[in-house]
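Welcome, and thanks for taking a look at this structure. Here is a short briefing to read alongside the model.

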Amino acid sequence: MISFPNESIYSILARYHQRSGSPTPSHTYRQIFGKPKKRIHCYLPSNIAQIGKFLCIPPEKLLYENTLYRLYAFFLSKKDAKQLKISMLCGGSNNPTNIVDSRSNLAKHNYVYKYCPICQQQYLMNYGSVYWRIEEQLPFIDYCTKHSNCLEQMFGGDSGVANKLILPPLELSNLEKREELTKNFCQFYFDFFNQISTFSEQTRFESVVTNLANSKGLYQGSQINNKRIISLLNKKSASIPNLCTNYNWLLRLLRHPKNSYHPLKGIVALYLLSDSLNGLLVDRSPQPYVQLKPNEPNVEERTDEKIIKLYKKQYSLNKISTTLNISRTKVKSILKQERLIPLTEIERRVCVKALTGNDRRLIAQELNLSVGYVEQCISMDKTLVRHRKNLKQNQIKSEYRYSLKLFIDCHPSCSIKHVKANRNKEYHWLYRNDKNWLDSVLPAPTKPLVPIRSKLKINHR
């Protein structure tokens, strides 16, 4: 099955359903998913790996080119973006929309499938078929930038388009024009989506918005200049009505750029801070869905390696922190782990007490420190962390050995079955970690008692 340019996955399945001659959508769903009913989201569908296997299309290609994953992943943290990718490819209990809808949005948008009637006539002439274009499904956008008219909408719930596998009609009914100011924001939205689809997944929203805020002079040390933010809102808020009634959300976004945000909130922030899209994004990658082979090294440099390299170039801790956009505490802890910065007197005392196997709560109580600070000091020495893990392992082993041996001595006639039933946790832990000792202590296995059956006399003929 060949997909058209920027065609949504729902549209690919709808065209397959019509061309295959399936009597009902349930028949097509049974072929693909093994069940008669399946809701396919217009821009964040799940079970893409299963769909790609059925259509003979690489799942990664479908994910990057036929969904809005790239747009959402740009504004999510690395952890949430990875979770969204797994959910869209493999499905499961966590729906993709549940991951992204948990982020507060600036405006509510209905679950609808959108299309431009004029564009559909052009698709019919060029490709021989109409189809649902993924760009037209962008949240909050109901405007076609090519023809300056509003998009037609069809409800996508259970009673709507989502379960029916239909293609958009060709009726020309809603040709209302948009205002020029709103048109500017919609054009920015479309252009940003087209650019983000050709850039590397390593390009993150946090670095882009931080650089823009610095160029606009919004940061005053650790504080934010509220007057400059208000002036930016007054200049461009007219083009995005009902979205900029206050600027509290923008303050939170600038203070915590590493958090996950809804794409609409991030795009509005970029629209307010940037004059154009030129030079806004970097790290071009023309084939984003091609993965590295297992034996191919990752060329991206690790954060701790960057910190060590800058420190050896005589950079100060504050300069390293601002250059890499990392907290000063994290920079110092990494340098202490590599023994480039000496430990303080209190940190050395904590490490000496931890080396003898003292509990972290007792260390904190003796030295009048918090438990969190004690754990932080211990984590600076990787050898000490491994040593304490071995001490904990040996302590658990001795406790479980004593408990199991005591039960066997008190019950000399017990069997292995009785030991499992009464000392289940100890038995299975020792079976995984200390099997040789466990086999030497357990009672010898006994043969099961077979009941004596009377021999039947067979009458010979």
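**Nonpolar cores**

Leu 270 touches Phe 74, Phe 75, Phe 188, Phe 192, Phe 205, Val 208 and Leu 212, leaving aside residues up to four places away in sequence. Please keep in mind that this is a predicted model.

- The largest nonpolar core is made up of 78 residues. Leu 270 is among those with the most contacts inside this core, together with Phe 192 and Leu 254.

**Asp 434, between two helices**

- You will find Asp 434 in the loop that lies between helix H22 (424–433) and helix H23 (435–441).
- Is Asp 434 buried or exposed? Its relative accessibility is 10%, so Asp 434 counts as buried, the cut-off being under 20%.
- Leaving aside residues up to four places away in sequence, Asp 434 touches Lys 397, Arg 401 and Trp 429.

- Helix H2 spans residues 25–33, and its residues Thr 28, Tyr 29, Ile 32 and Phe 33 are buried.
- Why do these residues sit on the same side of H2? They do so because they cover an arc of only 100° around the axis.
- The cover over the buried residues of H2 includes helix H1 (9–20) and helix H3 (48–55).
- Following H2 comes Gly 34, which has a positive phi, near 80°.

Methods
Residues numbered from 1 in each chain as written. Predicted model: local features only at pLDDT ≥ 70, side-chain atom pairs only at ≥ 80, totals over all residues. Heavy atoms only, no water. Core = buried A, V, L, I, M, F, W, Y, C linked by side-chain atoms within 4.5 Å. Buried < 20%, exposed > 50% of the residue type's maximum accessible area, 1.4 Å probe, protein only. Contact = heavy atoms within 4.5 Å. Helix = DSSP H or I, 4+ residues; strand = E, 2+ residues; numbered from the N terminus. Arc of directions from axis to C-beta.
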